[in-house]
There are 2 protein chains.
Amino acid sequence: MKTGKVVALSGGIGGAKLALGLDRVLAPGQLTIIANTGDDFRHLGLHISPDIDTLLYTLAGLDDPVRGWGRRDETWNFMQALGQIGGETWFQLGDGDLAIHVERTRRLAGGETLSEVTDGLRRRLGIASAIVPMSDDPVRTRVETDEGWLDFQHYFVRRRCEPRVRALEFAGAATARLAANALAALSDPALAAIIICPSNPYLSVDPIRAVPGLREALHAASAPVIAVSPIIAGQAVKGPTAKMMAELGLMPSAATVAEHYAGLIDVFVVDEADAETGVGGAEKRVGPTLMRNLDDKIGLARLVLGVTGWTV
Amino acid sequence: MKTGKVVALSGGIGGAKLALGLDRVLAPGQLTIIANTGDDFRHLGLHISPDIDTLLYTLAGLDDPVRGWGRRDETWNFMQALGQIGGETWFQLGDGDLAIHVERTRRLAGGETLSEVTDGLRRRLGIASAIVPMSDDPVRTRVETDEGWLDFQHYFVRRRCEPRVRALEFAGAATARLAANALAALSDPALAAIIICPSNPYLSVDPIRAVPGLREALHAASAPVIAVSPIIAGQAVKGPTAKMMAELGLMPSAATVAEHYAGLIDVFVVDEADAETGVGGAEKRVGPTLMRNLDDKIGLARLVLGVTGWTV
């Protein structure tokens, strides 16, 4: 057992699974999760932060294990009533889920930062690990497709990732400031590991990397940077990662992800199905990375932390 | 049967009952309901128009007949989740009900007027009668109580009308402009009747009367102004009317309401229980005014319209 601090970079569903494992094996206060906010958008007048919400729901045990997104025991009366009066219904907002969007929007309008709002929510939901947006400034992922440029959620949800992807941009990233709590966590002398969760490298991790200062903070940290491949045997566990890689002219493989992270990471964790894959200049670790249940998540968290010599 | 136009001034629950009766007995396009917006407020970042919503739900058949407010078949997942994250829960917003507040707030932020938004909603909900806010400018009812000045919903909902009322004010009324469609309806040469619904005279009708131009438009109209007493045998059918009248030093009676409307109305309709009451200088009509079901509402609508010689 070690007592150092851990930082995890995470997007939504896939990343949150490992974040939950880490949260369960680490002591309260050891883990800081830096969340992608490139997927954030304003919809129906509400500020929606999908990856932060997925982390909140997952770590609070409020996530829906069957649907795979949103809250458990959800109802959909709002959406039905909204459709009845001609509102936009392409982005599904559950009745319970709405509370977090309404409350966040209210607090932001009152002058709180996204960091403050997020910290208030995670404390209120009884989450021991810190959840920090990568920036309090707006960064918006946009996708260039064969149908032109689309805002991320229009590509991802409204068009169900159907258009072919040509390029990505993170609007606002160049002038965004790394959130103070993210910088503090990465600069903590007690930092023992930086983990890149098995999120989409292009859609979920690259926006975080695009925030000025993040890359420098990773390099300046003496702790090892450990990434977990979101690709297993050429397939994404969930979501459009493999499809998007192919459209970008990349071979969907763990090796390609390792290449993408070259120079950034020290260790690359791949699934047993990819035991023979090349991982560039990084150190390779092999283990079961598919997380179907809580035991799997805790197991992968232990595997990843074990890289640094921890036994948890 | 006559083919003229009818204008009704209405607050929430009580007024909406007669408005529904009028809507049912008049032809599409004959009725314009001018709604009180003094109860409107901003809550959780949302623009809430309680009286307009009550009219929309009632005329669309979406109202909850048991609870007496809000939508039927309502769920409360949002409120529960909001409480879980520490949000304000004193004003109950049902999951389905939220749709109208979110959509209205979004459209207002996009530059539409409250009149435009309301007209869009009532058309979408299949309501044949026009529903027009008294003004597109903010008018906010405030209540001076033995606990000091309270915003209306804080008095009405949060404090459940418990503080003793000393005075009322309609902040913003002096500079508010009568909504264009309200003025047009009152100036229509085909106007045959102006009906003041059995709403709270002080909380629901006075704010409408306080909008500059409304009083003049009523006087200028050749159509008779017909008010229905919200007080039956000294009691309000619902709500704080009688309690508030007593606190204002007024006898809770139909006669007091008639006195309050003196100079404004031509005809005052009282319940059979008040057949012997004085109604000042107005012409008195007596009939059953308690509306427990749709037949009662249609019956009262016929009674009121009958004043002008209509048979409907």
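The model is predicted. Chain A holds 12 helices and 14 strands, and chain B is superposed on chain A by a rotation of 180°.

**Overall fold of chain A**

- The radius of gyration of chain A is 18 Å, which agrees with the value near 20 Å that a compact globule of 312 residues would have.
- Taken along the principal axes, the box filled by the C-alpha atoms of chain A is roughly 55 × 40 × 40 Å.
- Of the 312 residues in chain A, 51% are buried.
- Among contacts in chain A between residues at least 6 apart in sequence, those joining residues at least 24 apart account for 66%.

**Relation of the two copies**

- Superposing chain B on chain A takes a rotation of 180° with 0.0 Å of shift along its axis, and the RMSD is 0.0 Å.
- The two copies are therefore related as by a two-fold rotation axis.
- Within chain B, the C-alpha nearest the axis belongs to D95(B), at 2.8 Å from the axis.
- Both copies use the same surface, as 100% of the contact residues of chain B recur in chain A.

**Helix α4 of chain B**

- Helix α4(B) spans residues 95–109, a total of 15 residues.
- From its first C-alpha to its last, α4(B) reaches 21 Å, close to the 21 Å expected at 1.5 Å a residue.
- Most of α4(B) is covered, with 13 of its 15 residues buried.
- G111(B), which follows α4(B), has a positive phi near 105°.

**Helix α8 of chain B**

- Helix α8(B), residues 201–209, is largely enclosed by the rest of the structure, because seven of its nine residues are buried.
- The buried residues in α8(B) are P201(B), Y202(B), L203(B), S204(B), V205(B), P207(B) and I208(B).

**Residue D51(B)**

- D51(B) lies in helix α2 of chain B, which covers residues 50–59.
- With 28 other C-beta atoms within 10 Å, D51(B) is buried.
- Not counting residues up to four places away in sequence, D51(B) touches G11(B), G12(B), A35(B), N36(B), T37(B), D39(B) and S204(B).
- One of these partners, S204(B), is among the buried residues in α8(B).
- D51(B) and F156(B) are 105 residues apart along the chain, and their C-alpha atoms are separated by 13 Å.

**Residue A221(A)**

- A221(A) sits in the loop that runs between α9 (214–220) and β10 (225–228) of chain A.
- A221(A) has 19 other C-beta atoms within 10 Å and is partly exposed, since a buried residue needs 20 or more.
- Leaving out residues up to four places away in sequence, A221(A) touches L186(A), L191(A) and I194(A).
- From A221(A) to D296(A), the separation is 75 residues in sequence and 29 Å in space, C-alpha to C-alpha.

Terms used:
Residues numbered from 1 in each chain as written. Chains lettered and ligands numbered in written order. Predicted model: local features only at pLDDT ≥ 70, side-chain atom pairs only at ≥ 80, totals over all residues. Helix = DSSP H or I, 4+ residues; strand = E, 2+ residues; numbered from the N terminus. Expected span 1.5 Å × (residues − 1). Buried ≥ 20, exposed ≤ 12 C-beta atoms within 10 Å, placed from the backbone. Least-squares fit on C-alpha atoms with pLDDT ≥ 70 in both. Contact = placed C-beta atoms within 7 Å. Rg over C-alpha atoms; globule rule 2.2 N^0.38 Å.
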